[in-house]
Amino acid sequence: QVQLVESGGGLVQPGGSLRLSCVASGIIFSINAMGWYRQAPGKQRELVASISSGGSTSYVDSVKGRFTIFRDNAKNTVYLQMNSLKSDDTAVYYCNRLLNLLSWGQGTQVTVSS
């Protein structure tokens, strides 16, 4: 059964850090490019970071220099290290394949507020 399970979100003050995790099951994880997406209230879901099967990464301009995506193929897990968080980063964060999207997981809520 294909499943994506995100975790690690929470409430953090501006300038703080969080590390998100996403465990994928039911797919050959190592051959898939993966992405972290987010959806803020009233906005469309957007791709914020991606990582290829070979480890190449890409980021949306708004998170460059603050977020880092990395993966552990042995654990079928993709991570998103988020530093210097801003209120604009508040959203529900999801992981998924970069191509041929799977059914979305439940996501993990990130709230940046003082």
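Analyst: Two strands pair if DSSP finds at least two bridges between them. Strands are DSSP E runs of at least two residues, and helices are H or I runs of at least four, both numbered from the N terminus. The model is predicted, so local features need pLDDT of at least 70 and side-chain atom pairs count only at pLDDT 80 or more, while totals for chains, interfaces and linings use all residues. Residues are numbered from 1 along each chain as its sequence is written, and side-chain values use heavy atoms, with hydrogens and water left out.

User: OK. In what order do the four strands of the open sheet come?

Analyst: The order is S1-S3-S8-S7, with antiparallel pairing. Strands S1 (3-7) and S7 (67-72) are the edges, each pairing on one side only. Neighbouring strands are turned by 15° against each other on average, direction ignored. Those axes are lines fitted to C-alpha atoms (for helices, over the stretch in contact), and angles run from 0 to 180 degrees between N-to-C directions.

User: How many bridges join S7 to S8?

Analyst: Six, and the two strands run antiparallel; S8 covers residues 77-82. Isoleucine 69 stands opposite leucine 80. Threonine 68 has glutamine 81 as its bridge partner.

User: What sits between S7 and S8?

Analyst: Four residues, in a hairpin. Asparagine 76 in that turn has a positive phi of about 50°.

User: Is S8 largely enclosed or open?

Analyst: Enclosed. Six of its six residues are buried, so the rest of the structure largely encloses S8. Buried means under 20% relative accessible area, exposed over 50%, and partly exposed in between (1.4 Å probe, protein chains only).

User: Which S8 residues point which way?

Analyst: Thr77, Tyr79 and Gln81 point one way, and Val78, Leu80 and Met82 the other. In a regular strand, side chains alternate between the two faces of the sheet.

User: Switching topic. How many disulfides does the structure hold?

Analyst: One. The term covers a pair of cysteine sulfur atoms within 2.5 Å. Here cysteine 22 and cysteine 95 form it, with sulfurs 1.7 Å apart.

User: Which strands do cysteine 22 and cysteine 95 lie in?

Analyst: Cysteine 22 is in S3 (residues 18-25) and cysteine 95 in S9 (residues 91-97), so the bond ties together parts 73 residues apart in sequence. Cysteine 22 is buried at 0% relative accessibility. Cysteine 95 is buried too, also at 0%.

User: How many salt bridges does a search of the whole structure find?

Analyst: Four. A salt bridge is a side-chain nitrogen of Lys or Arg within 4 Å of a carboxyl oxygen of Asp or Glu. In one of them, aspartate 89 meets arginine 38, with the closest N and O atoms 3.0 Å apart. Aspartate 89 lies in the loop between S8 and S9 and arginine 38 in S4 (residues 34-39), so this pair links parts 51 residues apart in sequence. Both residues are buried.

User: What's the N to O distance for aspartate 89 and arginine 66?

Analyst: 2.8 Å. Arginine 66 lies in the loop between S6 (57-59) and S7, so here the parts tied together are 23 residues apart in sequence. Aspartate 89 and arginine 66 are both buried. Salt bridges with shared partners join Arg38, Glu46, Arg66 and Asp89 into one network.

User: Last one. Is aspartate 61 buried or exposed?

Analyst: Exposed, at 61% relative accessible area. Aspartate 61 forms a salt bridge with lysine 64 (3.0 Å, N to O). Lysine 64 is partly exposed, at 49%.
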